[in-house]
Amino acid sequence: MATVDVEDESILVSIFKDSFSENWRENPDFAAYLSELSSYGVEKLNREPERLSEERAHILQQTRELAFSNYKTFIRTAHCTKQIYRDFGRVESSLAKLLDKLPSFGEKCRGFVKEAEDIGASRRMNSLTLNRHTEILEILEIPQLMDTCVRNGYYEEALELAAYVKRLEKKHSSLPVIQGIVHEVRQSAQLMLNQLLQQLRSNSQLPVCLRVIGYLRRMDVFTEAELRVKFLQARGSWLRSVLAAIPDEDPYFHITKTIEACRVHLFDIITQYRAIFSDEDPLLPPGGQTVNESAIFHGWVVQQVAQFLETLDRDLKRGVGSRLDSLLGQCMYFGLSFSRVGADFRGQLAPMFQRVAMDTFHKAVKEAVDKFQEDMNLYTLISLPSMLGSTIPPVAPSTQPGTLQPPMALLDFPPLACFLNNVLTAFNDLRLCCPIGLAQEVTRCLEDALLKVTKLILVFHRAEESAFSSRERELFVQFCCAFAEDMVPFLNRCLQVLFPPAQLAQILGVPPAQVHKYGNIGCISVSTVLEPLKFVLPKREPMSPVVDLTVDLTSLTTAEAELLPPSKSPSSEKAETARELVPTLHAQQPQVAPSTVEPTPNQTKPIANEAQKSIPEELPPTNTNADKTLPG
């Protein structure tokens with residue numbers, strides 16, 4: 001094979017530079033053509049490109065003619081080549097898949113052989129099972145029979161089946177079938193346990209409870225202490241469902257029904273517990289190192305009482321109106337019935353009712369002060385009230401000794417009259433449930449209210465003093481005198497009716513004359529209340545000390561006057577305007593019911609064993625006969 005010389009190559013490189021590729025260097029035809037080309041002359045070299053072009057065109061023409069004349073052959077050749085290539089690809093992929101599946105095929109063949117052996121062993125076992133079909137069927141049907149007994153309430157038969165399965169488990173605990181039977185029987189036993197506990201959560205009587213506890217003891221799933229706890233938990237759950245069904249829209253209705261339900265059902269539960277469980281030992285053992293089983297019952301009773309007291313406190317805070325005494329009586333009877341089981345909680349009722357009574361009184365007094373402030377903001381001193389008050393005929397003395405008459409002079413001053421009526425209403429509400437332990441708090445509350453009234457009077461004086469006429473100044477002095485000499489002493493006497501000094505002295509263990517040494521208990525400090533008004537009040541002789549009315553007074557009444565239609569004269573219209581500021585409700589004469597709050601070591605005794613007294617509910621309405629004497 002001819003190759004290009006080094007000299008020729010350098011010449012070619014210099015001539016053609018980089019116009020031909022490297023692979024042409026190895027082509028012998030290219031080397032021969034270059035050798036031949038190098039031997040040509042100039043003229044021949046000039047004609048060489050034209051000759052090459054003609055030769056190239058001739059070759060292309062021949063190629064076209066060949067392709068045109070044999071194009072079908074070329075197409076068939078291409079199709080055959082493509083089909084052969086596709087067939088070879090399919091053969092190759094099939095061979096690859098076969099090679100991949102040969103190992104798994106061999107593994108499956110080995111598995112088939114093993115499975116055939118297992119089938120043979122199973123066939124032999126099935127033959128043996130068929131021979132003992134009856135005995136095996138009875139054992140396999142035990143879970144179904146157990147479930148049927150439990151769901152139909154045949155607990156005796158269910159317990160017998162459970163005992164048989166326990167013996168079967170001890171003999172054949174390694175067999176999977178026996179383990180499955182034991183598992184299903186335990187599930188049925190759990191269902192039976194839930195059903196028995198659910199019976200305790202219903203309204204069950206003593207015979208049902210005895211039978212249920214007997215079944216639970218035979219099941220042997222609880223210790224004696226756990227059985228007691230479960231019994232009390234289940235019965236407590238039923239009691240809570242009963243209490244939850246009571247409507248709670250009305251607090252008084254809710255708490256009365258709660259008291260009744262707790263008193264009846266709790267006592268039934270306690271009776272059932274004592275009939276089922278023996279508690280011969282004391283609730284707390286001597287020494288107190290450990291708690292025995294009987295202490296479980298005591299703790300449960302205490303918990304139920306605590307829950308009742310929470311409900312009672314919640315409903316009392318919501319408000320029960322003026323029926324506090326009735327509610328207290330029911331609660332005290334409830335506590336008395338529980339004293340027979342060692343759970344007397346009456347001592348915890350007194351502070352609760354005392355707080356509610358005090359809160360109610362404080363709210364009423366605050367409303368009275370707010371109403372007095374509103375009245376004073378609208379009040380103007382006019383001469384008409386003085387003339388109106390002077391025309392009211394004196395009320396005939398009552399036939400009952402010790403009658404306490406509200407000061408009629410207050411009718412001349414509507415703000416004072418309204419304030420007194422509101423306070424008397426608060427006193428009458430308090431009297432229904434008035435423990436003696438509230439003496440100091442009630443006195444302090446009333447004294448604070450009177451001090452606020454005094455400040456409001458001074459505010460009125462400062463605001464109107466510059467515009468006072470001589471007549472208005474005189475009326476303002478009368479207004480202050482009525483407050484200082486009529487209303488404040490009268491409220492002091494009302495306090496003595498609520499909290500008799502003799503009884504306060506008995507509680508404190510001191511003579512009645514020394515009660516004042518322990519502070520203002522049941523008696524307002526008049527000097528403290530009237531101190532800011534000293535510059536207005538006229539100087540008079542010292543008033544005699546307030547006397548004890550509890551010995552002489554047997555009842556307190558109020559006078560009533562009938563309202564007649566007034567005339568239409570201008571003066572009568574002014575009188576009617578004045579009367580609109582004075583309360584016109586008729587007074588009543590309710591009797592004091594002795595308080596039912598029982599004393600505790602840290603609490604004073606309620607009012608008891610005293611002559612029944614009443615506080616006037618309101619001032620009487622003005623007598624319309626005064627219209628006849630009015631100028632005009």
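Predicted model: local features only at pLDDT ≥ 70, side-chain atom pairs only at ≥ 80, totals over all residues.

Trainee: How many aromatic pairs does a search of the whole structure find?
Mentor: The count is 18. One of them is F334 with F345, and that pair is edge-to-face. The centres are 5.1 Å apart, with 80° between the planes.

Trainee: Where do F334 and F345 sit in the chain?
Mentor: F334 is in helix α13, residues 324-338. F345 is in the loop between α13 and α14. They are eleven residues apart.

Trainee: Are F334 and F345 buried or exposed?
Mentor: Both are buried.

Trainee: What about F361 and F427, how are they arranged?
Mentor: Stacked, at 5.6 Å centre to centre. The planes are 20° apart, and under 30 degrees counts as stacked.

Trainee: Which parts does that pair tie together?
Mentor: F361 lies in helix α14 and F427 in helix α16, so the pair joins parts 66 residues apart in sequence. F361 counts as buried, at 2% relative accessibility. F427 is buried too, at 0%.

Trainee: Which residues form an aromatic cluster?
Mentor: Y379, F413, F460, F468, F476 and F479 form one.

Trainee: Switching to helices. At what angle do α11 and α13 cross?
Mentor: Roughly 10°, and their axes come within 11 Å. That makes α11 roughly parallel to α13.

Trainee: Which residues meet there?
Mentor: From α11, they include I255, I259, L266 and F267. On the α13 side, L327, Y333 and F338 are among them, and so is F334. By class, the contact has twelve nonpolar, four polar and one charged residues.

Note on methods: Residues numbered from 1 in each chain as written. Heavy atoms only, no water. Phe/Tyr/Trp six-rings, centres within 6.5 Å; stacked < 30°, edge-to-face > 60°. Helix = DSSP H or I, 4+ residues; strand = E, 2+ residues; numbered from the N terminus. Buried < 20%, exposed > 50% of the residue type's maximum accessible area, 1.4 Å probe, protein only. Axes fitted to C-alpha atoms, helices over the stretch in contact; angles between N-to-C directions. Parallel < 35°, antiparallel > 145°, perpendicular 65-115°, else oblique. Contact = heavy atoms within 4.5 Å. Nonpolar A, V, L, I, M, F, W, Y, C, P; charged D, E, K, R; others polar.
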